[in-house]
Amino acid sequence: MPKMTYLEAGKQGLAEEMERDPLVWAVGEDLGRGGVFGQYKGLPERFGPARISDAPISEAAILGAAVGAAMMGTRPVVEMRFSDFALCAVDELVNQAAKARYMFGGQTRVPLVVREPIGIWRSSAAQHSQSLEAWYAHIPGLVVVAPATPADNKGLMKAAIRCDDPVVYMEHKNLWGLEGEVPEGDDVLVPIGEARVAREGRDLTLVTWSAMVHPCLAAAEALAGEGVDVEVIDLRTLWPWDKARVLASVEKTGRLLVVQEAVNVAGFGAEVAATVAERLHHSLKAPVRRLGAPRVPVSYAPSLEKAVTISREQIHSAASGLMAA
């Protein structure tokens with residue numbers, strides 16, 4: 001399998017779907033110059049301005065137009081640049097796209113992908129650093145995806161574009177340069193709703209997603225040297241999420257730690273923790289634990305940004321504490 005970056009893998013997935021289906025197109029700010037992160041570089045020349053559409057600076061207008069276009073039969077991929085900016089179009093996504101299929105009795109669907117880059121990245125501060133996946137997981141009608149590897153960014157991108165429901169597609173900005181092997185083939189898709197066991201183990205289950213997968217794996221390797229065998233599960237999709245795989249893992253290990261970059265209060269980790277506590281309380285060897293950011297804005301200052309970023313050391317400490325409980 002060839003190696004490529006997370007950014008290039010997502011771009012390749014989009015390009016393959018545009019080649020396969022003429023109804024797939026992309027719209028958003030800065031697409032004409034290749035996207036703010038370069039994730040569309042070369043695509044305007046390849047597909048032309050009608051299919052890589054450079055839009056004015058109005059997130060509400062962009063997403064509103066895309067919702068209408070999706071209801072009329074096309075498959076738009078909407079670039080929001082930052083998940084924070086997508087809040088300008090939350091009505092179009094939450095009140096229109098998410099509800100149209102239900103409110104029209106199944107007479108229309110909204111096959112729409114909304115790309116929302118998430119997460120802490122290079123002193124971008126409070127308005128460019130949020131991880132808001134829990135907001136969208138709360139909304140009936142939306143699919144929520146958060147890939148952690150280049151292979152998944154390609155496979156999930158293709159699956160999201162083929163999905164007949166609106167997909168909030170959350171790529172982590174700090175992963176753009178991450179390299180990894182990526183399968184080739186037009187039909188190599190990653191199924192939506194299927195988690196990945198990133199590392200098998202028998203002593204403790206660690207559930208996470210997006211960029212947190214990588215410090216979790218590093219912490220698991222360090223714990224292995226201390227005789228603790230950690231199973232790491234990358235959810236990949238937050239709605240629907242793979243309850244069966246998580247429950248099977250925790251039933252085996254008896255311990256659960258959920259790790260998220262987002263603010264811990266009301267984060268998606270609470271959904272995972274509550275589900276396991278409700279279903280498997282009889283199998284638990286220790287209380288379920290969550291690890292997430294404090295409820296404070298992200299600062300420009302690198303030292304303060306670091307203070308709210310979940311680290312490998314914090315994960316290691318939390319897991320060690322669970323083993324001792």
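**A262 and the fold around it**

A262 lies in strand β13, which covers residues 256-263, where strands are DSSP runs of E with at least two residues and helices are runs of H or I with at least four, both numbered from the N terminus. This is a predicted model, in which local features need pLDDT of at least 70 and side-chain atom pairs count only at pLDDT 80 or more, while totals for chains, interfaces and linings use all residues. Residues are numbered from 1 along each chain as its sequence is written, and side-chain values use heavy atoms, with hydrogens and water left out.

With a relative accessible area of 9%, A262 is buried, a term that means under 20% relative accessible area, computed with a 1.4 Å probe and protein chains only. Leaving aside residues up to four places away in sequence, A262 touches S131, E133, G292 and A293, a contact being heavy atoms within 4.5 Å. G292 stands 30 residues from A262 along the chain, and the C-alpha atoms of the two are separated by 6.0 Å.

Turning to the whole protein, there are twelve helices and 14 strands, and the C-alpha trace spans about 60 × 45 × 40 Å along its principal axes. The radius of gyration of 20 Å agrees with the value near 20 Å that a compact globule of 325 residues would have, where the radius is taken over C-alpha atoms and the globule rule is 2.2 Å times the number of residues to the power 0.38. Buried residues make up 57% of the 325 residues, and among contacts between residues at least 6 apart in sequence, 83% join residues at least 24 apart.

Key:
Buried < 20%, exposed > 50% of the residue type's maximum accessible area, 1.4 Å probe, protein only.
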